[in-house]
Amino acid sequence: MIPLSLGEIAEVVGGTVEGDSSATVTAPAVLDGRQAEPGSLFVAFAGERVDGHVYVGQAGRAGAVAVLGSRPTPLPTVVVQDAQAALQLLAAHVAARLRDGLTVVGVTGSQGKTGTKDLLAAVLSSAGPTIATIGSLNNELGVPLTMLRADAATRFLVLEMGARHVGDIAELTSLVAPDIGVVLNVGQAHLGEFGSRAAIAETKGELVRGLAPGGTAVLNADDSLVDTMRALADGSVLTFGRAEHADVRVLGLDLDRLGRPSCTLRTTNACAPVALPHVGAHQALNASAAAAAGLAAGVPLDLAAAALATASLSQWRMERRVLAGGATLLNDTYNANPDSTRAALDALAAIEGGRRIAVLGEMLELGDDSAAEHRAVGAYAAARADVVVAVGEAARAIADGAGERAVMLADNDAAVDWLRGRLVAGDVVLVKASRGAFLDEVAAALA
C-alpha cells in the first residue's frame, strides 16, 4: 500500500480521526487482526455475529498502526458510518494514484477463476512486479483489499471478480476499470441465485462493459455465451481456446500418467509448447486464457509458456498428494458446481493407477434443478470412477445417479473411516464438494 496518514485517509473516505491523525499506514489493510503486519490498517466491521472492533488489540499487537471502523478504538481510528463503503473508496483512491504505471486485469467466469488468476499472476510476474488476489478473495471486500496491496512498484494488478447477483461485477469495475478483462465461461455456479444462465452471462459481461476506454476483452472462443460478448467491447478482443478461430489456440493436448496436461499454444505468428504441473485437461484452457491476457499486457508467448510451466495454484485446487499407504489424493475441495465437478472427474479418470474413487459432497446454490444436477453428476462419476462415495444426506442424489457404484455415507467422519479402512497403494481418490460441505476435512484427515 502507498503510505497514507490517517488524516489523508479520513479526507478520502469522509470520516473523522479519533487519535493521532499523523499516524501513517504503510502496509496492506486487513480484516483479520491475526493477519496484520507492522504498518497495517485494520478494518473493523460490526456484524450481527462478530464485531471486529473487539479484535483491535490483537491487530495492534501484530503491528497494525490504525483502524478504519464505525467507532473509536484504542488505536488511532478513522470513524465512518459504513466501513465497507469507506474501504472501497480508499481502494479506488489508491488505484487512481497508481494508475499511470499500472496495468489492471480483471478475471471472471463461472469456474476456473482462481486457477486462471494464479496462472496469469505467474505470467505477468515474469515481466514485472505483480499483485494478485490471494485465494478467492473476489467479492466486494476482497477486491478492494487486493487493490490496497498495490504500491508504487506494482506494474500489474490482477483482480479475480466473483458475483452472486446481477450488478456485482459492475460494482467492482466501478472501483477501478480494468485495462484487460478475462471472461472464462458461463456455467451453473450460483444458478440458484441468478435464476438462469442468461442472467449469469449478463453479469459476466459486466466486466467487458466495465473496461477502461480502449481496454482489451479476452474471451473464451469455446463458449458461445462468452464469445458473443465481443459485441460489448469498444476496444480490442483476443480469444482463447480450442476453436479454430481462437487467437490463442490450444493444440495437441495430451495428458501424462499423472493427469498433467501438455499442449502447444499457437497464435497467428508464434507457437510455444507448454507443460503444466497441474492435474486436469481443463488447466490447458486456463493456461491459454492466461497467455492471451499476457499478450494483451505485452508478455511474449514464449515467456508466458515458460512461466506457466512453473506456476503454482491456490490451495485445494486439484492438489495432488501421495498418501503414506501409497494411494494418491486429489484435493479439489475449495468449491464445486456441476461443470467443475465434471472437469475434476475427467482428471481423476486420466490418472494411471488402481481403483479410482470419487468422494463427492453437495454442490450448493443450484436452485430448482439441484436434485437433477446432483443425479447427473453421480451418473457422470460412475462412468469415470470405480467407486462413488456420496457424503451427507444433501448428496444422496449423487448416489442415486451413480447406481451400483455408489456408497452412501452419513457425514465426513464416516467418509474418513470408510476410506482409511479400504485405501490401498495405487488407488486414486478425488475429494470434491462445495465449500459449505467442508470436505476439506476429509482430505486433511487422509493426508
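Analyst: Helix H10 is largely enclosed by the rest of the structure, because 11 of its 15 residues are buried, where buried means under 20% relative accessible area, exposed over 50% and partly exposed in between, with a 1.4 Å probe and protein chains only. This is a predicted model, in which local features need pLDDT of at least 70 and side-chain atom pairs count only at pLDDT 80 or more, while totals for chains, interfaces and linings use all residues. Residues are numbered from 1 along each chain as its sequence is written, and side-chain values use heavy atoms, with hydrogens and water left out.

H10 covers residues 282–296 and reaches 22 Å from its first C-alpha to its last, close to the 21 Å expected at 1.5 Å a residue; that expected span is 1.5 Å times one less than the number of residues. Helices here are DSSP runs of H or I with at least four residues, and strands are E runs of at least two, numbered from the N terminus. Among the buried residues of H10 are Gln283, Asn286 and Ser288, together with Ala287, Ala290 and Ala291. Just after the helix, Gly298 takes a positive phi of about 95°.

The axes of H10 and H11 come within 9 Å and cross at roughly 140°, the axes being lines fitted to C-alpha atoms over the stretch in contact and the angles running from 0 to 180 degrees between N-to-C directions. H10 and H11 are therefore oblique to each other, a word for what remains once angles under 35 degrees count as roughly parallel, over 145 as roughly antiparallel and 65 to 115 as roughly perpendicular. On the H10 side the contact (heavy atoms within 4.5 Å) is made by Ala287, Ala290, Ala291 and Leu295, and on the H11 side by Leu301, Ala304 and Leu308. These residues divide into seven nonpolar, no polar and no charged, where Ala, Val, Leu, Ile, Met, Phe, Trp, Tyr, Cys and Pro count as nonpolar, Asp, Glu, Lys and Arg as charged, and the others, Gly among them, as polar.

H11, which spans residues 301–308, also packs with helix H4 (residues 113–125), at an angle of about 125° and with the axes 8 Å apart. In that pairing, Leu119, Ala122 and Val123 of H4 meet Ala304, Ala307 and Leu308 of H11, and the residues of this contact divide into six nonpolar, no polar and no charged.
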